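Thank you all for making time this morning. I would like to walk you through one model, taking the charged side chains, the aromatic pairs and the nonpolar core in turn.

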Amino acid sequence: GEWAESMSGIGAGIDSFYEYLLKSYILYGEREDLEMFSELYRSVMKYIRKGQSCVDLLVKGDATEPPLFVNVDYSTGKLSNYWIDSLSASFASLQVLVGDINEAICTHALHYTIWRKYRSFPERFDWRGKTPVVSFYPLRPELVESTYFLYQATQNPFYLHVGSDLLKDLEQHAKSKCGYATLHDVISKEQEDRMESFFLSETCKYLYLLFDTNHTLNRHASQYLFTTEGHILRIHSNLHQKPWQKGGCGWCENLFTTNAVARVNESEINYSCPSYDPLRQYSLPLSRKVFGEIEQLIGLLNHR
């Protein structure tokens, strides 16, 4: 067979695959998953991530080229279209998990700016035309998830403010007589007679955990893993041991141990979480000037 779709990015159709690879490694210790994720992440940051690096933005304090993730043709690397979809907002949470905190901050700032423009998140946003392409918002959790992960990583109250902002907007525009409704249009805020199940299982869950800072899951965060659908799994070292390594598997024991190949360079793996400068904890994660450049990219300033 041949691939029918040549577009690649970080949003719908591929977003969960990145998660499966990294989280499978965390949960089961499959080194091949880590190798595949590392290779993909390097490619994403090289071919899909455009603009200045976040480290550059933090050092210089201005953004002549704001951060942006684009969709490209995987065979040529050329730009495929000009839209950002709402599922890509979860990528910052994955960057937190892999320890790329600075880049996660920039990724989150991009998506939060789109939210601020519409007080919700269109399913697809045209960054060149600065307008929605698909304008409904089904109460998706991805931006809330990234906000939660960034607060856990940085303890910066800015992300509590973001969470409060998201919650206030949901209350104002999505709350209905019975539950919370999908927004049919992020501009008019017209509601549909529909509430997706992921609103309760993910959007509300991440909002709750964001503000309940003393929750067991937050106090023992290193012991738990959220699946791509927000289910909570306990991380246990026993899951790193294969059944055939425990004995009693007969011929398969030799098969798997013989064919096992260590493809990951141990020296490239950082098993400790990167420290977040405490001097940055109570300041804006990016300078006002950088936020302003991102707002200009999204068209927020002209929208007000």
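Let me begin with Lys 189, which sits in the loop between β9 (179-180) and α8 (197-211), and let me say at once that what you are looking at is a predicted model. If we set aside the neighbours within four places in sequence, Lys 189 is in contact with Tyr 118, Arg 119, Ser 120, His 173 and Leu 183.

One of those contacts, Arg 119, takes us to the next site. Arg 119 belongs to the loop between α5 and β6 (124-126), and with a relative accessible area of 28% it is partly exposed, since that class runs between 20% and 50%. Not counting residues up to four places away in sequence, Arg 119 touches Asp 165, Asp 169, His 173 and Lys 189. With Asp 165 the side chains meet in a salt bridge, 2.8 Å from N to O. Arg 119 lies in the loop between α5 and β6 while Asp 165 lies in helix α7 (residues 158-173), so this pair ties together parts that are 46 residues apart in sequence. The C-alpha atoms of the two residues are separated by 8.7 Å. Asp 165, for its part, counts as buried, because its relative accessibility is 8% and the limit for that class is under 20%. Arg 119 also makes a side-chain polar contact with Asp 169, at 3.1 Å, and Arg 119, Asp 165 and Asp 169 are linked in a network of salt bridges.

How many salt bridges does the structure hold? There are 9, and I will pick out two further ones. Arg 140 and Glu 123 meet through their side chains at 2.7 Å, N to O, and this pair links distant parts of the chain, with Arg 140 in the loop between β7 (131-134) and α6 (142-154) and Glu 123 in the loop between α5 and β6, 17 residues apart. Both Arg 140 and Glu 123 are buried. The other example is Lys 23 with Glu 19, whose closest N and O atoms are 2.6 Å apart. Being 4 residues apart in helix α1, Lys 23 and Glu 19 are separated by about one helical turn, and each of the two is buried.

I turn now to the aromatic rings. A search of the whole structure finds 17 aromatic pairs. In one of them, Tyr 18 and Phe 91, the ring centres are 5.8 Å apart and the planes stand at 75°, so the pair is edge-to-face. Tyr 18 lies in helix α1 (residues 15-28) and Phe 91 in helix α4 (residues 91-98), so the pair ties together parts that are 73 residues apart in sequence. Tyr 18 and Phe 91 are both buried. For Tyr 180 and Phe 199 the centres are 5.1 Å apart and the planes are at 35°, so that pair is tilted. Here the partners are in strand β9 and helix α8 respectively, so the pair ties together parts that are 19 residues apart in sequence, and again Tyr 180 and Phe 199 are buried. Ring pairs also link Tyr 18, Phe 37, Tyr 41, Phe 69 and Phe 91 into a cluster.

In soluble globular proteins, nonpolar side chains tend to be buried together. In this model the largest nonpolar core has 64 residues, and Phe 91, Trp 115, Tyr 137, Leu 170 and Leu 286 are the members that touch the most others. Which helix gives the largest share of this core? Helix α5 (residues 101-118) does, with 10 residues. As for Phe 91 itself, leaving aside neighbours within four places in sequence, its contacts are Ile 10, Tyr 18, Tyr 41, Val 44, Phe 69, Thr 107 and Ser 146.

Key
Residues numbered from 1 in each chain as written. Predicted model: local features only at pLDDT ≥ 70, side-chain atom pairs only at ≥ 80, totals over all residues. Heavy atoms only, no water. Core = buried A, V, L, I, M, F, W, Y, C linked by side-chain atoms within 4.5 Å. Buried < 20%, exposed > 50% of the residue type's maximum accessible area, 1.4 Å probe, protein only. Helix = DSSP H or I, 4+ residues; strand = E, 2+ residues; numbered from the N terminus. Contact = heavy atoms within 4.5 Å. Polar contact = N/O pair within 3.5 Å; in protein donor to acceptor, adjacent residues only side chain to side chain. Phe/Tyr/Trp six-rings, centres within 6.5 Å; stacked < 30°, edge-to-face > 60°. Salt bridge = Lys/Arg side-chain N within 4 Å of Asp/Glu carboxyl O.
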